Amino acid sequence: AIVDNLDKKGQIILFLNRRGHSTFVSCRSCGYVAKCPNCNISLTYHAKGDFLSCHYCGYSIPRPRRCPSCNSRYIRYFGIGTQKVEKEFKDSFRIDNVLRMDADTTVKKDSHRKILDRFRNRKSDVLIGTQMIGKGHDFPEVTLVGIITADTYLNMPDFRAAEKTFQTIIQAAGRAGRGERAGNVIVQTYSPEHYSLLHSKKHDYIGFYKEEIKLRKALNYPPYSFIGNIIFSGFNKTSVERAAKQAEITLLNIIKKSEVIEILGPAPAPLSKVRNRHRWQIVLKAKQEEHLLETMAKLNKQDIYKKDKISVAMDINPLNML
């Protein structure tokens with residue numbers, strides 16, 4: 001499709017919601033994975049600059065030539081980011097004039113506008129990028145959109161995973177065929193039978209809603225309930241765990257074992273460590289938002305965290321459960 005599109009002088013957008021070159025670096029000999037010492041997440045390899053970086057705290061190190069654990073040379077790069085897509089595209093199609101738009105290429109002032117203007121003015125016919133190119137742009141000459149690894153959100157521990165996947169594909173697909181020529185959208189996925197992908201293929205909002213709402217109802221997620229997310233964080237892992245468990249006891253005393261509010265947790269947050277702060281999580285579910293607000297307000301008045309310097313963040317119906 002790319003070759004055919006280039007032959008017909010159409011523009012191309014390749015969308016991947018992950019920057020960098022490779023999402024993690026591992027040793028094939030001993031299984032070592034390069035991780036951030038400040039956050040519980042693997043380091044991302046950036047080919048430009050030849051370094052590993054954490055996208056949460058900014059920690060970075062030069063690319064290791066040998067495994068820091070076993071000293072072998074079997075260091076390999078796994079996963080894919082926009083840098084790798086750019087390199088693969090140039091190697092495969094022998095085209096160097098490719099634009100890439102992500103958080104790494106838009107650091108300087110006006111860089112967003114310059115990249116988009118170059119693409120709009122046909123200085124380049126290929127634009128590769130993350131979600132910042134996926135919505136709101138009108139390029140009449142774009143006749144092919146490729147969505148790479150559309151499953152990114154589906155693997156997230158978030159009840160909105162299917163909804164975000166559907167939205168992302170619909171938005172990115174909407175960049176194709178906005179002019180006189182028809183557009184073509186190709187979605188690469190490991191889950192071709194997932195309902196969010198099947199309905200996004202047809203732009204079937206109603207069909208997606210009907211399937212998603214059944215799951216939300218069965219699991220008592222919004223809009224059938226309100227979610228309260230409470231994150232406990234601090235530099236001492238034991239203190240954070242203790243604070244979260246003490247908060248559960250306090251919440252049970254506040255609620256007094258009524259069925260008005262459901263308590264999930266406490267448990268380590270999906271991102272259990274960020275910027276050297278350990279994180280635990282409690283999730284509350286309630287039919288009425290007022291019950292959540294009252295309960296969380298009462299919990300907020302407690303002094304059980306101050307002695308251990310624990311930070312507590314509370315949110316109602318958060319967009320991000322990580």
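# Notebook: helices, pockets and one buried isoleucine

I began at the end of H2, where Arg94 follows the helix with a positive phi, near 55°. I took helices (H or I, at least four residues) and strands (E, at least two) as DSSP runs, numbered from the N terminus. The model is predicted: local features need pLDDT of at least 70, side-chain atom pairs count only at pLDDT 80 or more, and totals for chains, interfaces and linings use all residues. Residues are numbered from 1 along each chain as its sequence is written, and side-chain values use heavy atoms, with hydrogens and water left out.

**Entry: the whole protein**

I noted eight helices and 14 strands. The C-alpha trace spans about 70 × 55 × 40 Å along its principal axes. Of the 322 residues, 42% count as buried; buried means under 20% relative accessible area, exposed over 50%, partly exposed in between (1.4 Å probe, protein chains only). For contacts (heavy atoms within 4.5 Å), I looked at those with a separation of 6 or more, and residues 24 or more positions apart account for 67% of them.

**Entry: helix H2**

I checked the length of H2 (residues 82–93) against its residue count. The expected span of a helix is 1.5 Å times one less than its number of residues. For the twelve residues of H2 this gives 16 Å, and the end C-alpha atoms are 16 Å apart, so the two agree.

Which residues of H2 are buried? I found Thr82, Gln83, Val85, Glu86 and Phe89. Seen down the axis of H2, these buried residues fall within an arc of 165°, so they line one face of the helix. The arc is that of the directions from the helix axis to the C-beta atoms. An α-helix has 3.6 residues a turn, so residues three or four places apart point the same way.

H6 (residues 205–218) has 14 residues and reaches 20 Å from its first C-alpha to its last, close to the expected 20 Å. Its buried residues are Gly207, Phe208, Glu212, Ile213 and Arg216. H4 and helix H5 (195–201) are among what covers them.

H8 (residues 289–300) has twelve residues and reaches 16 Å, close to the 16 Å expected. In H8, Leu292, Thr295, Met296 and Leu299 are buried. They cover an arc of only 95° around the axis, which puts them on the same side of H8. Their cover includes strand S11 (226–234), helix H7 (237–255), S12, strand S13 (277–286) and strand S14 (311–316).

**Entry: pockets and the cavity**

I used a 1 Å grid over the protein atoms alone: a cavity is a set of points where a 1.4 Å probe fits but cannot get out, a pocket is an open set with protein on both sides within 12 Å along at least five of seven lines, and lining residues have an atom within 4 Å of a point. Grid points are joined across faces, edges and corners, and a volume is the space filled by probe spheres set on the points.

The largest pocket has a volume of about 1,400 Å³. Of its 37 lining residues, Asn17, Tyr56, Thr152, Met156 and Leu322 are the closest to its centre. The elements that give two or more residues to this lining are helix H4 (161–173) and strand S12 (261–274), and H4 gives the most, with six.

The second largest pocket has a volume of about 420 Å³. It is lined by 18 residues, with Lys48, Arg100, Asp104, Thr105 and Thr106 nearest its centre. H2, S7 and helix H3 (111–120) each supply at least two of the lining residues; the largest share, four residues, comes from H3.

How many cavities of 30 Å³ or more does the structure hold? I found one. The largest cavity has about 90 Å³ of space. Its lining includes Phe15, Asn17, Ile147 and Thr152, and H4 gives the largest share, three residues.

**Entry: Ile115**

I ended on Ile115, in helix H3. Is Ile115 buried or exposed? Its relative accessible area is 11%, so Ile115 is buried. Not counting residues up to four places away in sequence, Ile115 touches Leu99, Arg100, Met101, Thr105, Thr106 and Leu127. Pro64 is 51 residues from Ile115 along the chain, and their C-alpha atoms are separated by 32 Å.
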